[in-house]
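Please look over the sequence and the model shown below before reading on. The report is written for a reader who meets this structure here for the first time.

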Amino acid sequence: KTPRGVGVPRQVQARQAAPNRDMLLFPGFANSFHVVATPRGALRVAPVTMADVLVIQNKGGGHGEIGFHLAQHLVSRGDAVTILHEGDGPNPKEAHRAYGELPSDVKVIWGGDLSEAAVCLAKLEGASFSAVVDNWSKSPEAIAPYATAAKAWGVSNYAYVSSAGMYTPDKGDYGAVGEECAVKSSGQRQAEEKIAEMGLPFSYFRPQYIYGPAQGKSYLAFFFDRITRGRPVPVPNGGDQLVTMTHAADNAAMVAAAVGNEAAVGEAFNCATPSLVTYDDLVRLCAGAAGKECEIAHYDPAGFDKPDGFKYKFPFRDTPFYVSSDKAHQRALGLALLMPWGSCRLDVESRGTSLALAPPPRVCGE
């Protein structure tokens with residue numbers, strides 16, 4: 001196999017990783033995923049089947065906010081949505097406070113402990129669904145009872161939100177990670193294997209680093225906290241490592257594209273923007289969004305002696321790690337001609353000594 005990144009001129013990587021300094025520009029996926037290419041290059045609209053969708057939703061974490069944006073996206077195209085939510089009710093987390101913004105016809109059922117599957121499924125009161133999006137399960141034992149119920153309902157799609165963290169690229173291989181890359185046998189990988197073994201019409205979605213409103217976990221909070229307090233931002237090695245940052249609504253739109261889509265069945269998809277940014281540029285973009293100057297302090301992670309009580313933890317890997325979304329763009333989801341965001345800004349909201357992300361205007365060509 002050709003090592004990732006081989007044959008890609010350094011100047012091409014530099015162009016990919018040099019975004020507009022005046023605003024935080026993360027081109028993502030457009031709101032409609034039904035525009036596809038014809039042999040002559042014209043556009044046609046793929047048919048969309050209305051669905052009754054059950055979203056099994058976790059209470060937070062790295063991709064907890066996807067459920068909120070997914071519900072918005074599905075309802076906007078005419079699907080009926082029920083969220084079976086982990087926990088006993090809304091809590092102070094940003095992702096849950098935002099639920100009041102959901103359309104009134106989105107049904108949210110607080111399931112408590114979702115590992116008690118029989119109790120939680122009973123709360124559905126006999127309802128059945130044509131598709132399931134599982135944004136909660138992290139093991140084969142957790143996913144099995146919900147997959148069994150979905151099989152009884154005869155769902156057309158079981159979309160499982162997994163994780164790109166399972167990839168184990170070869171040492172020194174720093175190019176884009178494709179879905180064919182070797183993976184470790186994590187609980188999420190075993191859950192993927194379980195629904196395939198059960199004969200579900202599965203699609204796996206492997207998100208990487210997410211940003212945007214209503215977050216359960218922010219990968220950028222550390223940068224904003226250091227920048228707004230006038231502190232140097234520690235960045236490992238040279239700071240030229242490439243990474244992708246994807247808006248949660250774009251991750252959700254990609255998952256929604258699988259619902260009712262036969263071409264998505266039996267496939268794994270990396271869930272990310274094709275746009276790349278370096279660690280150093282990401283810090284500068286956060287500073288620009290905050291209206292602050294920034295100082296970057298590079299350090300050697302191998303020789304870093306962490307002082308007692310020092311809570312610093314860099315949010316990404318020390319080495320380049322980013323996934324390829326070519327498969328979703330060019331194949332089963334028909335995304336090849338999607339228009340990227342024009343100038344979608346990353347706004348910030350002051351909160352004491354740190355800044356939290358606010359929803360960027362989702363207007364192309366602004």
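What follows goes from the chain as a whole to one strand and then to one helix.

The model is a predicted one, and its chain of 366 residues has 52% of them buried. The secondary structure comes to 10 helices and 17 strands. Of the contacts between residues at least 6 apart in sequence, 78% join residues at least 24 apart. The accessible surface of the chain is about 16,200 Å², and carbon and sulfur atoms account for 51% of that area.

Strand E3, which spans residues 52-57, is mostly covered, with 5 of its 6 residues buried.

| Partner of E3 | Sense and bridges | Residue pair |
|---|---|---|
| E4 (residues 80-86) | parallel, 6 bridges | Asp 52 and Ala 80 |

Helix H6 covers residues 187-197, and its buried residues are Gln 188, Arg 189, Ala 191, Glu 192 and Ile 195. These residues lie on the same side of H6, because they cover an arc of only 160° around the axis. After H6 comes Gly 199, which has a positive phi, near 80°.

Conventions
Residues are numbered from 1 along each chain as its sequence is written. This is a predicted model: local features need pLDDT of at least 70, side-chain atom pairs count only at pLDDT 80 or more; totals for chains, interfaces and linings use all residues. Side-chain values use heavy atoms; hydrogens and water are left out. Buried means under 20% relative accessible area, exposed over 50%, partly exposed in between (1.4 Å probe, protein chains only). Helices (H or I, at least four residues) and strands (E, at least two) are DSSP runs, numbered from the N terminus. The arc is that of the directions from the helix axis to the C-beta atoms. Contact means heavy atoms within 4.5 Å. Accessible areas come from the Shrake-Rupley method with a 1.4 Å probe; for residues, only the protein chains shown count as cover. Two strands pair if DSSP finds at least two bridges between them.
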